[in-house]
Amino acid sequence: MAQSPAASLTPSAPAPNAEAPARPKRTYNGPSPRTLLVTLAMVVTASVLAGVVSGSVTVLFQALITGLLTGGIYSLIAMGLTLVYGVLHIINFANGAMVALSMFLTYAAVSGLGLHPYMALLITVPAMFVLGAAVQGTLLNPIMKAPIHTQLLVTIGLALAIENLLLMIFGPTPLSVELPGDHGVSFLGASVDLSRIYAFIGALVLVALLWLVLHKTRIGTAIRSVAASPEGSRLVGIDVKLIYVLTFGLGAAATAAAGTFVSTFTTIEPTAGSVFNLTAFVVVVLGGMGNVPGALVGGLVVGLTEQLGGLIFPGQSPLLTVFVVFLIVLFAKPQGIFGRAS
Amino acid sequence: MSTSTAAQAPSVSRRTSTPMAASTVSMRWNWFLLALTAVVGALLPFILTPAELSVAMRVIIFALMGIGWNMMSGFGGMFSFGHAAYFGIGAYTTAFLLLDVGMSPWLGMIVGMAVATAAAVGISYLALRYKVKGAYYALSTFAFAEMLRLFVMGNDGLHRTLGFTVPVLQGDNWGMFQFSADSPNYFWIGTGFLLVALIVSMVFLRSRAGRFTIATRDDEMAAAAIGIPVLRHKLTVTAISAAITAAAGTLYLQFYMFVDPEIAFGHAVSNNAIITAVLGGVGMLWGPLVGAIIVAPLSDLVAALLRNPPEWLALLSGQSGLDIVIYAVILIACVLVLPKGIVGTIVTRSRK
């Protein structure tokens with residue numbers, strides 16, 4: 001009953017039973033110290049294991065650094081996804097396509113207008129905010145109470161449309177954006193690209209910004225109120241549909257920032273975003289769906305799992321380990337490592 | 001879907017969401033439509049050109065996937081986002097047993113269906129046991145399919161990303177499930193599969209177990225309270241669903257003679273299964289077939305239209321990607337305009 005799609009999305013539906021899915025009631029329920037410690041202990045164990053298997057400290061160190069930095073990128077991309085899920089309970093399948101769209105916008109801004117890649121943020125973020133708001137206002141708002149697959153299909157359709165429009169406009173040739181002054185730096189024997197470090201910092205800044213918006217502004221308070229109870233919010237005079245529009249816009253803006261940061265070190269092609277789609281879902285579930293700070297930690301965990309898993313099980317796709325961890329977490333703690341049972 | 005509408009009009013919503021409720025009338029209709037499907041399926045190869053027949057074949061494969069998905073998600077109420085897993089298991093098991101063991105694809109299909117069923121029951125048992133529900137359940141099925149794809153891509157015994165190519169035999173060979181390229185046998189076999197899947201669905205939904213399953217979907221608490229073994233019925237419907245989808249995988253393999261990880265376990269496969277069923281009507285016996293008749297030829301139709309475009313579309317010719325954009329727009333429009341799917345809308349209208 002609880003997973004009969006409409007029931008879990010219809011706010012007026014009576015709470016079905018005591019073990020209803022741990023739908024996050026708040027956009028913020030930060031990681032508890034204990035779970036953080038346990039996670040840390042597991043990461044340390046995995047590192048030691050990976051170090052023993054690979055037999056080289058340098059290799060292990062490189063993996064840890066790469067894992068953390070890649071994890072930061074995963075967090076970046078998952079941020080918008082988790083925000084949208086937390087408030088709207090929509091699994092936005094177009095998230096990856098929106099990342100790709102932002103990459104192409106960055107490319108257009110850099111090659112067409114001669115901007116510095118990070119200055120392109122001034123274009124991509126507002127543009128994607130408008131796009132996201134428009135999508136929510138026209139396509140998704142009318143079906144907010146429909147079963148889960150209806151919204152899912154709309155976002156899948158959106159993803160297909162965006163990716164193939166990009167294909168039509170920019171063609172299939174992979175493009176790239178050069179970050180001026182980007183070079184590898186050596187850090188305790190591990191080599192790292194500066195652009196990835198910037199992206200990592202970008203992820204931290206974005207989390208902080210989102211947290212501030214959600215907690216220190218009136219709009220943010222309204223968003224959190226709608227996430228907790230759309231009915232109650234309506235009663236106190238919040239325009240719920242407008243908040244939905246703003247939230248989706250905010251999610252799209254976060255995704256735009258992610259796309260711009262990522263574009264400086266990945267090849268830009270229409271499917272470049274959906275590569276991250278899978279990982280982003282894992283990050284969102286690990287961090288607790290709708291939990292913005294959780295997404296940051298979830299991203300780091302996934303980045304590390306991927307790198308260490310690649311060392312422990314050589315020859316297998318590193319993502320495989322990520323999915324195994326994902327399924328285990330899903331079954332053991334469905335509300336995410338950092339979510340709390342309601 | 002019953003809960004939200006039930007508040008306003010209980011009797012109507014019960015009927016629309018449980019097609020078996022108005023039993024005798026709809027049963028007569030079902031048998032009539034089944035006979036119609038059989039006749040059309042038998043005659044189509046005489047009417048269509050080989051190229052059109054291969055599109056019709058895709059309709060059948062899509063319909064089977066949609067029927068499989070609909071069993072679990074439409075009637076069982078468990079939203080699956082990873083039916084590629086069972087499709088892929090069917091195709092890969094058959095291919096592996098054929099090429100490495102020399103087993104006939106017919107037997108391979110049975111084994112594939114068994115393996116897919118076991119996997120589906122296993123994963124669903126875990127999910128139900130640990131109360132993974134709603135969006136989390138959907139994502140767990142998604143992750144399962146992705147894991148299988150990554151596993152196959154990293155496995156030498158399964159040829160990594162290269163996939164399997166079925167060796168070509170001379171002439172028609174019923175024992176090895178292989179016929180010459182333009183033989184109508186594939187289509188007839190496919191129609192047979194389709195009929196079997198539909199009959200299995202009909203019989204199951206009419207049975208005690210099927211009614212209990214639908215009761216469980218509509219209100220799990222109430223169903224459990226009156227003593228329906230909820231878990232068992234959910235696993236049963238999952239098993240049927242996986243078996244049908246796996247058979248579609250084998251059919252795909254034998255028709256196209258090739259399978260690789262993306263074709264078998266790729267995300268597009270799960271999408272197609274869902275889109276087919278949703279467009280036709282979730283929880284509607286005839287939904288997937290109707291959906292497949294629309295979805296499967298869509299990309300061919302658009303591609304054909306753009307190859308020889310009419311005057312006003314000339315500037316769009318030769319643009320790669322446009323066919324999928326149109327497909328996506330139609331998909332969104334259909335979902336927004338017909339939220340109950342085509343069959344669901346027709347049934348609702350006719351009952352008013």
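In this predicted model, chain A exposes about 13100 Å² of surface, and carbon and sulfur atoms supply 71% of that area. The chain contains 13 helices and 2 strands, and buried residues account for 58% of its 342 residues. When contacts in chain A between residues at least 6 apart in sequence are considered, 77% of them join residues at least 24 apart.

For chain B, the accessible surface amounts to about 14300 Å², with 69% belonging to carbon and sulfur atoms. Chain B is built with 16 helices and 2 strands, and of its 352 residues, 57% are buried. Among the contacts in chain B that link residues at least 6 apart in sequence, 75% connect residues at least 24 apart.

The two chains meet in an interface to which chain A contributes 51 residues and chain B contributes 55 residues. The area buried between chain A and chain B is about 4900 Å², and carbon and sulfur atoms give 77% of this area. On the side of chain A that touches chain B, the elements giving two or more residues are helix 1 (5-9), helix 6 (148-170), helix 11 (274-287) and helix 13 (318-332). Of the elements on this side of chain A, helix 6 gives the most, with 15 residues.

Leaving aside neighbours within four places in sequence, A97(A) is in contact with A159(A), I162(A) and E163(A). The C-alpha atom of A97(A) is separated by 8.2 Å from that of L158(A), although the two residues are 61 residues apart along the chain.

A nonpolar patch on the surface of chain A is formed by Y198(A), I201(A), V205(A), L209(A), W211(A) and L212(A), which together have about 520 Å² of accessible area. One of these residues, L212(A), is found in helix 7 of chain A, comprising residues 194-216. With a relative accessibility of 41%, L212(A) counts as partly exposed, since this value falls between the limits of 20% and 50%.

In chain B, two residues stand out by their backbone geometry. Most residues other than glycine have a negative phi. H159(B), by contrast, has a positive phi of about 65 degrees although it is not a glycine. H159(B) lies in the loop between helix 7 (134-153) and strand 1 (164-165) of chain B, and at 31% relative accessibility H159(B) counts as partly exposed. M257(B), which is also not a glycine, has a positive phi near 60 degrees. The position of M257(B) is in the loop between helix 11 (230-256) and strand 2 (258-259) of chain B, where M257(B) counts as buried because its relative accessibility of 16% is under 20%.

How values were computed: Residues are numbered from 1 along each chain as its sequence is written. Chains are lettered from A and ligands numbered from 1 in the order in which they are written. This is a predicted model: local features need pLDDT of at least 70, side-chain atom pairs count only at pLDDT 80 or more; totals for chains, interfaces and linings use all residues. Side-chain values use heavy atoms; hydrogens and water are left out. Patches are made of residues with over 30% relative accessible area and no salt bridge: like charges are joined within 9 Å, nonpolar side chains (Val, Leu, Ile, Met, Phe, Trp, Tyr) within 5 Å. Accessible areas come from the Shrake-Rupley method with a 1.4 Å probe; for residues, only the protein chains shown count as cover. A salt bridge is a side-chain nitrogen of Lys or Arg within 4 Å of a carboxyl oxygen of Asp or Glu. Helices (H or I, at least four residues) and strands (E, at least two) are DSSP runs, numbered from the N terminus. Buried means under 20% relative accessible area, exposed over 50%, partly exposed in between (1.4 Å probe, protein chains only). Contact means heavy atoms within 4.5 Å. Buried area is the accessible area (1.4 Å probe) that two parts lose on being put together, summed over both.
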